Amino acid sequence: MKLLLTWVLHATALMALAHLYSGVEVTGFGAAMAAALVMGIFNLIVRPALVVLTLPVTFFTLGLFMFVINAFMFWAAAGLLEGFWVRGFGSALLGSLIYSAFGVLIDAALERLFPPQPL
């Protein structure tokens, strides 16, 4: 239940992002659902490998390179999907920052609705 709700809320956040920022376009809610799923899979599988591979650069930039990794994930998802477009890497950077802010709000709200259960 919580996973499905998270998925729908992230797709809604992506639709809101497309309305707020002209650098990101989403054709409909189905495309937003697909994009949220692909970004979730990328963040689960690809992102950890990129974080490990770019650890020296991330260290020397004091963690700021993580913004570049997030933007790349956002841009890559848009490159794979129909109905979800990002105008360029700068738009991907700003779009990923706004989308991440929405994600923090969603996670905080869901944490209050579904508190962790003790084992």
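This is a predicted model: local features need pLDDT of at least 70, side-chain atom pairs count only at pLDDT 80 or more; totals for chains, interfaces and linings use all residues.
**Leu 62**

Leu 62 is exposed, with a relative accessible area of 77%. I put that down as exposed because the cut-off is over 50%. I then looked up where Leu 62 sits: the loop between helix 3 (55-60) and helix 4. I checked the backbone too. Leu 62 has a positive phi of about 55 degrees, although it is not a glycine. I noted this because most residues other than glycine have a negative phi.

**Ala 76**

Next I went to helix 4, where I found Ala 76. Is Ala 76 buried, exposed or partly exposed? I read a relative accessible area of 23%, so Ala 76 is partly exposed. The buried class needs a value under 20%. I also took one distance. Ala 76 and Leu 37 lie 39 residues apart in sequence, and their C-alpha atoms are 13 Å apart in space.

**Helix 1**

I compared the span of helix 1 with expectation. I listed the buried residues of helix 1: Thr 6, His 10, Ala 11, Ala 13, Leu 14, Met 15 and Leu 17. What do they pack against? I found strand 1, helix 2, helix 4, strand 2 and helix 5.

Leaving aside neighbours within four places in sequence, Leu 14 is in contact with Val 26, Ala 32, Ala 35, Ala 36, Met 39, Phe 74, Phe 84 and Tyr 99.

**Helix 5**

I marked its buried residues as Ser 91, Ala 92, Gly 95, Ser 96, Tyr 99, Gly 103, Ile 106 and Leu 110. They pack against helix 1 (2-20), strand 1 (24-26), helix 2 (29-53), helix 4 (65-80) and strand 2 (84-86).

I picked out Ser 91, which is in helix 5. Ser 91 has a relative accessible area of 13%, so I logged it as buried. Which residues does Ser 91 contact, leaving aside its neighbours within four places in sequence? I found Tyr 21, Gly 23, Val 24 and Val 86.

**Nonpolar core**

I then looked up the largest nonpolar core and found 28 residues in it. Leu 14, Met 39, Phe 74, Phe 84 and Tyr 99 have the most contacts inside this core. Helix 1, strand 1, helix 2, helix 4, strand 2 and helix 5 each supply at least two of its residues. Helix 2 gives the most, with eight.

**Largest pocket**

Last, I turned to the largest pocket. Its volume is about 490 Å³. I counted 18 lining residues, with His 10, Met 39, Gly 40, Asn 43 and Tyr 99 nearest the centre. Two of these names were already in my notes on the core: Met 39 and Tyr 99. His 10 I had listed as buried in helix 1.

Which element gives the most to the lining? Helix 5 does, with six residues. Helix 1, helix 2, helix 4 and helix 5 each supply at least two. I sorted the lining by class and got eight nonpolar, eight polar and two charged residues.

Terms used:
Residues are numbered from 1 along each chain as its sequence is written. Side-chain values use heavy atoms; hydrogens and water are left out. Buried means under 20% relative accessible area, exposed over 50%, partly exposed in between (1.4 Å probe, protein chains only). Helices (H or I, at least four residues) and strands (E, at least two) are DSSP runs, numbered from the N terminus. Contact means heavy atoms within 4.5 Å. A nonpolar core is a set of buried Ala, Val, Leu, Ile, Met, Phe, Trp, Tyr and Cys residues joined through side-chain atoms within 4.5 Å. On a 1 Å grid over the protein atoms alone, a cavity is a set of points where a 1.4 Å probe fits but cannot get out, and a pocket is an open set with protein on both sides within 12 Å along at least five of seven lines; lining residues have an atom within 4 Å of a point. Grid points are joined across faces, edges and corners, and a volume is the space filled by probe spheres set on the points. Ala, Val, Leu, Ile, Met, Phe, Trp, Tyr, Cys and Pro count as nonpolar, Asp, Glu, Lys and Arg as charged, and the others, Gly among them, as polar.
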